[in-house]
Amino acid sequence: MAEPVLDAKNITKSFGRHVVLHDMSLCVERGELISIIGPSGCGKSTFLRCLNFLEIPDSGSIRVEDVEIQKASGQGWNRAQEHRAHALRAHVGMVFQSFNLFAHRTVLDNVMLAPRSVKGQAHKEIEPQARALLAKVGLDGMAERYPATLSGGQQQRAAIARALAMKPAVMLYDEPTSALDPELAEEVLQVMRTLDDEGMTQIVVTHDMRFARAASDRVLYVEKGQIVESGESETLFSAPEDPRTRRFLRTLL
Ligand code: ADP
Ligand code: MG
């Protein structure tokens with residue numbers, strides 16, 4: 001079997017005395033679409049942020065492609081590790097609930113910014129790529145617009161194009177549709193389905209159970225900073241094994 005794209009082992013994280021993640025592990029095969037579900041405050045965002053070291057875990061190891069970072073508990077965070085984290089983040093695209101586009105830049109500039117500044121690519125090389133990405137997410141004709149003139153769904157699709165511009169090996173989404181009306185959310189989910197069809201590896205924290213069930217290969221149910229259950233999506237929704245998963249799914253009915 002091919003090597004997993006992302007392998008996170010035994011991730012723990014506390015804020016002060018509050019243990020938020022207890023020993024969470026996740027191994028992701030190339031091309032998988034994984035949904036992470038669970039009650040508010042259970043640690044979904046913190047876990048996702050740990051996967052690209054936006055949040056530094058207290059202990060555990062994470063490998064993405066050829067970059068591996070180990071964190072022993074009690075050990076500080078040094079410049080060498082930050083350097084590795086930077087290399088790891090280059091393989092990971094991240095999309096947030098609130099889009100986080102640069103308001104004073106056009107959509108095209110938003111998409112070109114990272115390849116230009118981080119990878120130092122020439123403008124004439126990246127502009128056609130950026131325009132192609134905008135077309136892929138259904139935003140052809142919107143390149144010269146400013147984010148504030150777009151709908152939320154369009155802004156989120158621009159944010160996805162911006163993340164894709166770095167050619168990530170894996171995309172992370174933290175509630176990408178929670179701020180959107182249903183029909184705008186659907187446009188965003190459609191882009192994610194298309195990326196899945198093309199073989200992109202994606203991990204999505206979502207409250208959209210219909211999407212989690214229909215589009216994911218695998219679903220993780222998280223409660224109190226632990227992966228309670230992980231399984232093939234249809235199985236987890238139709239025949240959850242853990243009583244905690246059953247209870248959570250019942251509350252959604
Ligand atoms: P979820 O995304 O599942 O709603 P979070 O990962 O945002 O949960 O939060 C998990 C827990 O960690 C919550 O109790 C939250 O209050 C706490 N938390 C998250 N970020 C911080 C932080 N920067 N400082 C202190 N506590 C935090
Ligand atoms: Mg969250």
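Predicted model: local features only at pLDDT ≥ 70, side-chain atom pairs only at ≥ 80, totals over all residues.
Arg157 belongs to helix 5. Is this arginine buried or exposed? Its relative accessibility is 7%, so Arg157 counts as buried, the cut-off for that class being under 20%.

## Two domains

The protein is divided into domain 1 (1-91 + 171-253) and domain 2 (97-167). Between the C-alpha centres of domain 1 and domain 2 there are 24 Å. To their contact, domain 1 brings 17 residues and domain 2 brings 14 residues.

## The nonpolar cores

Which residues touch the most other members of the largest nonpolar core? They are Leu134, Ile160, Met171, Tyr173 and Met192, out of 38 residues in that core. At least two residues of this core come from each of helix 3 (107-117), helix 4 (123-136), helix 5 (152-164), strand 7 (170-174), helix 6 (182-197) and helix 7 (209-215). Helix 6 gives the largest share, with 7 residues. Both domains take part in this core, as domain 1 and domain 2 each supply at least three residues.

## Helix 1

Cys50 leads us to helix 1, where the buried residues are Lys44, Thr46, Phe47, Leu48, Cys50 and Leu51. Because 6 of the 8 residues of helix 1 (residues 44-51) are buried, this helix is largely enclosed by the rest of the structure. Just after helix 1, Phe53 has a positive phi of about 60 degrees.

## The largest pocket

Now for the open spaces. The largest pocket holds about 580 Å³ of space. Its lining is made up of 20 residues, and those nearest the centre of the pocket are Val92, Met94, Ala114, Arg162 and Met166. Two or more lining residues come from each of helix 2 (79-89), strand 6 (92-95), helix 3 and helix 5. Helix 3 contributes the largest share of this lining, 4 residues.

Sorted by class, the pocket lining contains 12 nonpolar, 6 polar and 2 charged residues.

## An enclosed cavity

How many cavities of 30 Å³ or more does a search of the whole structure find? The search finds 1, and the volume of the largest cavity is about 50 Å³. Lining the largest cavity are Val111, Met112, Pro115, Gln121, Ile126, Gln129, Ala130, Leu133 and Ala165.

Helix 3 and helix 4 are the elements that give two or more residues to the lining of the largest cavity. Helix 4 provides the largest share of that lining, 4 residues. By class, the lining of the largest cavity has 7 nonpolar residues, 2 polar residues and no charged ones.

## Loop residues worth a look

The loop between strand 6 and helix 3 includes Phe99, and this loop is also where Phe102 sits. Phe99 is not a glycine, yet it has a positive phi of about 70 degrees. Phe99 has a relative accessible area of 12% and is therefore buried. Phe102, by contrast, counts as partly exposed because its relative accessibility is 37%. Leaving out residues up to four places away in sequence, Phe102 touches Asn110, Leu113, Pro147 and Arg162. The C-alpha atoms of Phe102 and Ala132 are separated by 20 Å, with the two residues 30 residues apart along the chain.

One more positive phi is found at Glu65, which has a value of about 50 degrees although it is not a glycine. Glu65 is placed in the loop between strand 4 (59-64) and strand 5 (67-71). With a relative accessibility of 23%, Glu65 counts as partly exposed.

Definitions and conventions: Residues numbered from 1 in each chain as written. Chains lettered and ligands numbered in written order. Heavy atoms only, no water. Core = buried A, V, L, I, M, F, W, Y, C linked by side-chain atoms within 4.5 Å. Buried < 20%, exposed > 50% of the residue type's maximum accessible area, 1.4 Å probe, protein only. Domains from an automatic or database assignment. 1 Å grid on protein atoms, 1.4 Å probe; cavity = no way out; pocket = protein on both sides within 12 Å on 5 of 7 lines; lining within 4 Å. Points joined across faces, edges and corners; volume = space filled by probe spheres on them. Nonpolar A, V, L, I, M, F, W, Y, C, P; charged D, E, K, R; others polar. Contact = heavy atoms within 4.5 Å.
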